[in-house]
Amino acid sequence: MSKHTIVALVQNRPGVLNRIASKWRQRGFNIESLTVGHSEVAGLSRMTFTVDGTTTDVDQVTKQMYKIIEVVKIADLTEHNIVYRELALVKVSATAQQRSAIIEIVDIFRAKILDVAADSVIIEVTGTEDKIDAIFELFRPYGIKELVRTGRVAMARGGGTPTSVDGSKVEQHRYRPAGEGKAKVGSLI
Amino acid sequence: MKMTGAQIVMECLAREGVEHIFGYPGGANLPLYDTLPQYPQVRHILVRHEQAAAHAADAYARVTGKAGVCFATSGPGATNLVTGIANAWMDSVPLVCITGAVATWLIGRDGFQEADITGITVPITKQNYLVLDVNDIAYTMREAFHIATTGRPGPVLVDIPRDIQQESAEFHWPEKIELLNYRPVTKGHPSQIKKAAQLIDEAERPLILAGHGVVISHAYDELRELAERAHIPVICTLLGLGGFPGSHELFMGMPGMHGMYWNNIAIGEADLIMGIGMRFDDRVTGRLKDFAPHAKIIHIDVDPAEIGKNVKTAVPIVGDVKHVLQAMNPLVQPARHDAWYQRIMQLRQEHPSITIPKVDKVLPQYVIKKVYEMSPPDTYYVTGVGQHQMWAAQFYWGDNPAGFVTSGGLGTMGFEVPAAMGVQFAKPKHTVWSFCGDGGFQMNVQELATIVEHELPIKFAIINNGHLGMVRQWQHLYYADNLQSVRLFQPDYVKLAEAYGMAGMRVTDKLEVESAIEKALRHPGPVLIDFEVEQHEDTFPAMPPGAALSETVDLPRFDAEPEFEHEKVRSR
């Protein structure tokens, strides 16, 4: 069992997330984190998953996912030399007296204070999961009101782009000639 | 040209060459039905239950190689298709299901007869669509057929709201479909093919396990050429039956849970296994860690996700079986494996597995064997699921490719009646036998009405043992004979047949078996024979659940004379 970081380039259509989640669920995986957002190519989104599993099991689901028509590229980056980050927002209880101590922690971790209220502050932290865990532990004694984490986003180091496509080719494969029809096709999420 | 959404659907079906649709109308697909008279070349068959529409289209696709098409309305109509779609999914059958959906403004509001059928069928379709714009219909239909029939075939569902069927749009027929990701590999990788050919040359005890992929890609000649060239015995999986001629001396029958004992032992002794268009299902492999311990495995499959899913492969080849074998055969050195062949023949002598004892009782396997003996060689056989299915498979040593139609992966009881209907529509001039369990028959018995209405001359053989036979066998063997909920109350099947307007016969005596089959074969219309067979006959060989192939229990020895002096059914 090890942690796998899987990156997929998918067509941005309704139902895609459902299809992908369904493949993991069917095979008994629990997705630890999942992030989705636009990619460098219009109409395509890039997803990053992290899951725990044996390489054989994860490999099998990855292959199954590649069979989803809307999945354009998919790669398990675990073995690659990757950079990865996660972003977290933490709302920490803080009286006026406690603020300076909190600011000190924020500076050490190169975090940012986004909002200050009479009895709390909102802090943004970016980094590896370990770093976020660490800062979370330091804030805990003050009282954490809320924590939200984006989950991991990852990219292969160097020039390699295991989940990129030639954007001009995507244009040729557009679902239908531009201007025809307005609504989306696919299953509703 | 401007057309309504419903017309576009029908125009697409006509252009795809669809001749039969199996379907059932309802509120949400009425515009489609309204358009039917404009397309007389596309014949709609009204079934009596949507599940039957899916199974009929499924079986139709299996014997024609074309996509089967079915219609259903929204809500319950669509959900009734689900078992049939799952069946086609598990057995890689091309199916295009067109369902009506509630009007767009009602979607997501729990309106009358609304079901999220695209959501429901995500795990059991290759792709599905909810079409929300009339301009998308033509492209979607084209894409649906393309995806259903290429690569590893499978079901595709197109859900079209009622108002979209009624709206109008300019009709554009896309000549070519190109999808960004979906481009199934057909040709295998040359270096992999070379490696495989080398392994075959080095092998001393090779075996071919041929599956449904051989039938789907029509690789009959190529498989035969390979087997003959390198002198390799061929074992066909349940769905692979018919992929290799049953009369061929290299044909060894079926492997696995109820397969030939000799095959299960031979797999354990082989030093090379070629899985061709099959997926190493648990019913074939038994306990995985003990599967083929001495063999290197070559796996040819069109679906890359099948490679390494269940067994570790020495040489994987992703590609269409026909293309791969065409490229591989010339690279394989002609060889003889006489010692190995003799070894398997010796196992066959010692463990006849499918011998039938000569007794006075009506044994189910005797009935099935007699049907095979007496029917023309180009007959199509359809089965349900359970004991009779396994006997039908064990004794199927026919040469008709795709002549054996059965629900393998999903194991759907009730498949036998509608599937026979689909086969007979596809093959109107051929004899079609449907081997039915008395359990499964009652699951889709309503289709007798459709069959009589269309005068389909299907021969139904109910292998009536008064029980859910396979469940009874498992309770008997593995649950200390604690028989629970397996005894079936039986209607009078002869009267039932007559009530539907077809001929019915009952056979309770062994001496009547032949004459009943003969009468059925001569009868020009549909006919049902209720064979009241021995109730406590078990299907052997049998591999206990969770056991290894080597732990298969062979047919227990019996004192009686064997019934048949058949080359495949040897006396001991």
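What share of the contacts in chain B with a separation of 6 or more comes from residues 24 or more positions apart? In this predicted model, such residues account for 78% of those contacts. Buried residues make up 56% of the 572 residues in chain B.

The overall dimensions of chain B were computed next. Its C-alpha atoms fill a box of roughly 70 × 60 × 40 Å along the principal axes. The radius of gyration is 24 Å. A compact globule with 572 residues would have a value near 25 Å, so chain B agrees with that expectation. In secondary structure, chain B has 23 helices and 19 strands.

The domain assignment divides chain B into domain 1 (2-170), domain 2 (190-350) and domain 3 (364-539). Between domain 1 and domain 3 of chain B, the C-alpha centres lie 30 Å apart. Their contact takes 23 residues from domain 1 of chain B and 24 residues from domain 3 of chain B. On the domain 1 side, three elements of chain B each supply at least two residues: strand S3 (43-46), helix H3 (50-64) and helix H5 (82-90). The largest share of that side, eleven residues, comes from H3(B). By residue type, the domain 1 side that touches domain 3 of chain B holds eleven nonpolar, eight polar and four charged residues.

Chain A shows an open sheet. Four strands form it in the order S2-S3-S1-S4, and the pairing is antiparallel. Strands S2 (31-38) and S4 (71-76) of chain A stand at the edges. Each has a single partner strand, so one side of each is left without a neighbour in the sheet. Neighbouring strands are turned by 15 degrees against each other on average, direction ignored.

One pairing can be followed in detail. S2(A) pairs with strand S3 (residues 44-53) of chain A in the antiparallel sense, over seven bridges. Within S3(A), A:Thr50 is the bridge partner of A:Ser33.

Two helices of chain A pack on this sheet. Helix H1 (residues 16-26) of chain A touches strand S1 (2-11), S2 and S3 of chain A. The direction of H1 makes about 160 degrees with that of S2(A). Helix H2 (residues 55-66) of chain A touches S1, S3 and S4 of chain A. The direction of H2 makes about 170 degrees with that of S4(A).

Notes: Residues are numbered from 1 along each chain as its sequence is written. Chains are lettered from A and ligands numbered from 1 in the order in which they are written. This is a predicted model: local features need pLDDT of at least 70, side-chain atom pairs count only at pLDDT 80 or more; totals for chains, interfaces and linings use all residues. Two strands pair if DSSP finds at least two bridges between them. Axes are lines fitted to C-alpha atoms, for helices over the stretch in contact, and angles run from 0 to 180 degrees between N-to-C directions. Two residues are in contact if their C-beta atoms, placed from the backbone, lie within 7 Å. Domain bounds come from an automatic or database domain assignment. Ala, Val, Leu, Ile, Met, Phe, Trp, Tyr, Cys and Pro count as nonpolar, Asp, Glu, Lys and Arg as charged, and the others, Gly among them, as polar. The radius of gyration is taken over C-alpha atoms; the globule rule is 2.2 Å times the number of residues to the power 0.38. A residue is buried if 20 or more other C-beta atoms lie within 10 Å of its own, exposed if 12 or fewer, and partly exposed in between; C-beta atoms are placed from the backbone.
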